[in-house]
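I opened this model to look up its pockets, its cavity and its sheet. My notes follow in the order I looked.

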Amino acid sequence: MEFIDPALHQYAEAHTSAEPEQLQALNRDTHAHVLKPRMLSGHLQGRFLALLSQLKQPRYILEIGTYTGYSALCLAEGLQPQGELHTLDNNEELAPRIRRYFAQSPYAAQLHLHIGNALDLIPALKQPFDLVFIDADKKNYDKYYDLIFDQLPSGALIIADNVLWSGKVIQPVKGKDVDTQALLDFNAKVQADPRVENVLLPVRDGLMLVRKK
């Protein structure tokens, strides 16, 4: 997942604003007690997400794929005072941990966790989301993009994670590697979409930034 030299990555983190104390605790807790801790955004990507949100100052944020709530807490840092963040995940086992950290956050009243299938949950959310973070099952990235796009206002920002997929996107697809093929299709779809402006950044496992025109 990490493409940059480890020493350079450490240098980048050392010259990036520190994680807030609560996020440091959540980072440690996730690595100690939750399966697949590499799914957590982490210090460098988390501060990048927080900065994008602070620059955007969204009223409504949608996150598809919560994991342990780290990225949601990062994105919440840019919310307007009356703003809302809605985050979707299908893992009920992680819900108590997520809610505990959300409750300890200064944004507690603004954070809304929805447990279930995102494809079913998204149509019920009618907010004009200013910022969307997609970090869930790769095979459905294309569907999530289509489901949310029409309700986004002009200027809305979509961020899709893992779009470089540990470098597999530039290698021949092996066998039935549906996730790599799904990401190849998603990246191509965004690149060909005349309704958006986009930049694919090689940050951690790849972030696709998409701005709706």
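**Second largest pocket.** I asked which helices supply its lining. α1 (6-14) and α3 (42-56) each give at least two residues to the lining of the second largest pocket. The largest share is from α3, with six residues. This is a predicted model, and I read it as such. I noted a volume of about 280 Å³ for this pocket. Its lining has 15 residues; nearest the centre are Ala-12, Leu-44, Phe-48, Val-203 and Arg-204. By class, I have nine nonpolar, three polar and three charged residues in this lining.

**Largest pocket.** I then turned to the largest pocket, which holds about 920 Å³ of space. It is lined by 33 residues, and Lys-36, Met-39, Asp-135, Ala-136 and Asp-137 are the closest to its centre. The lining splits into twelve nonpolar, nine polar and twelve charged residues.

**Cavity.** How many cavities of 30 Å³ or more are there? I found one.

**Sheet.** Next I traced the strands. Seven of them form an open sheet, ordered β3-β2-β1-β4-β5-β7-β6, with mixed pairing. β3 (111-115) and β6 (196-201) are the edge strands, each pairing on one side only. On average, neighbouring strands are turned by 15 degrees against each other, direction ignored. I checked β4 (residues 131-134) against β5 (residues 157-161): they run parallel and are joined by four bridges. Ile-134 stands opposite Ala-160 of β5.

**Helices on the sheet.** Helix α5 (residues 95-103) packs on the sheet and touches β2 (84-89) and β3. The direction of α5 makes about 175 degrees with that of β3. α7 lies across β1 (60-64), β4, β5, β6 and β7 (207-212). Against β5, α7 runs at about 170 degrees.

**Helix pair.** Last, I looked at α7 (residues 141-149) with α8 (residues 178-192). Their axes come within 9 Å and cross at roughly 35 degrees. Which residues make the contact? From α7 I have Tyr-141, Asp-142, Tyr-145 and Asp-146. From α8 I have Leu-183, Phe-186, Lys-189 and Val-190. The contact residues count as five nonpolar, no polar and three charged.

Note on methods. Residues are numbered from 1 along each chain as its sequence is written. This is a predicted model: local features need pLDDT of at least 70, side-chain atom pairs count only at pLDDT 80 or more; totals for chains, interfaces and linings use all residues. Side-chain values use heavy atoms; hydrogens and water are left out. On a 1 Å grid over the protein atoms alone, a cavity is a set of points where a 1.4 Å probe fits but cannot get out, and a pocket is an open set with protein on both sides within 12 Å along at least five of seven lines; lining residues have an atom within 4 Å of a point. Grid points are joined across faces, edges and corners, and a volume is the space filled by probe spheres set on the points. Ala, Val, Leu, Ile, Met, Phe, Trp, Tyr, Cys and Pro count as nonpolar, Asp, Glu, Lys and Arg as charged, and the others, Gly among them, as polar. Axes are lines fitted to C-alpha atoms, for helices over the stretch in contact, and angles run from 0 to 180 degrees between N-to-C directions. Contact means heavy atoms within 4.5 Å. Two strands pair if DSSP finds at least two bridges between them.
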